[in-house]
Amino acid sequence: VIIGISQSGETADTLEAVKSLKNKCLCVGICNVVASSLSHITEGGVYLHVGPEIGVASTKAFTGQLSILYLLAIKLAQIKRINLEKSKKICLDLQKVPTSYERIIESIQDKIKLLAKTYKFASNFLFLGRGYNYPIALEAALKLKEISYIHAEGYSAAEMKHGPIALIDKMMPVVVIAMRDSIYSKVLSNVQEVYARGASLIIVTEENNRDFEKMTENVIYLPEIEEHLYPFLTILPLQLLSYYIAVERGEDVDQPRNLAKCVTVE
């Protein structure tokens, strides 16, 4: 089975990959635009139904795609009759996400705006995360460079000593996603090493975690949630940070330079 994922349903490289495999396997699509090219060339799929995307740097489509992939995994588990109780629990946990979003937006907006004023003149950013939050570090770096034009890189925190640590000094803002999960002690060790090198730290962690108070004032607190659902919450403050930094720099958030709403050429 090949799953093609494209917000617009017109992404050239995704379409070409699906076309080349169409006669060899089952091709399904996940996209937001009804009757798009991806929906025509696949044998089935799921629409996101998150509404029309105006901005180039899509945010709601990201969490929409994430939701669909979680639900697809749950459905496959149910069909195979494995992890049924766990599947039910994940579904219940997913239903709590919108309420968590409301809490996050109410509680952190002022903090994020202040951080944006502080870091709007930064030349570089480093984003670190492990496990579920490694892809979120990549997405956060992508959003920052897309709309604020600040050079940003996302890395697995496990790879920090294999190169990125050489970049860390007092002029380098470092954002670390440090949720209290099964590998939290390793992330905490990464933060301590970054702190020891004088970097400007921004930490994303859970409520009631006071491990970072002596290292930095820039701590963003999120509601507690199951570990497998961290990406839904941890991406939100980092997308907001990118947004407000771009606004502070006077950039057009909806139509960043050199970017098209959908990439129709390879």
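I began with the term I would need: a residue counts as buried when its relative accessible area is under 20%. I also noted that this is a predicted model.

**Entry on Ser36.** I looked up Ser36 and found it in the loop that runs between strand E2 (27-31) and helix H2 (37-41). Its relative accessible area is 1%, and because the cut-off is under 20%, Ser36 is buried. I then asked which residues Ser36 is in contact with once its neighbours within four places in sequence are left aside. I found Ser8, Gly9, Glu10 and Cys31.

**Entry on the nonpolar cores.** I turned to the largest nonpolar core, which has 43 residues, and noted that the members touching the most other members are Phe125, Phe127, Ile202, Ile220, Phe232, Leu238 and Ile245. The largest share of this core, 10 residues, is supplied by helix H8 (residues 230-248).

**Entry on helix H8.** I asked how many of the 19 residues of H8 are buried. The count is 16, so H8 is largely enclosed by the rest of the structure. I then checked the length of H8: at 1.5 Å a residue its 19 residues should span 27 Å, and the C-alpha atoms at its ends are 28 Å apart, which agrees. Finally, I noted that Gly250 follows H8 and has a positive phi, near 75°.

Conventions: Residues are numbered from 1 along each chain as its sequence is written. This is a predicted model: local features need pLDDT of at least 70, side-chain atom pairs count only at pLDDT 80 or more; totals for chains, interfaces and linings use all residues. Side-chain values use heavy atoms; hydrogens and water are left out. A nonpolar core is a set of buried Ala, Val, Leu, Ile, Met, Phe, Trp, Tyr and Cys residues joined through side-chain atoms within 4.5 Å. Buried means under 20% relative accessible area, exposed over 50%, partly exposed in between (1.4 Å probe, protein chains only). Helices (H or I, at least four residues) and strands (E, at least two) are DSSP runs, numbered from the N terminus. Contact means heavy atoms within 4.5 Å. The expected span of a helix is 1.5 Å times one less than its number of residues.
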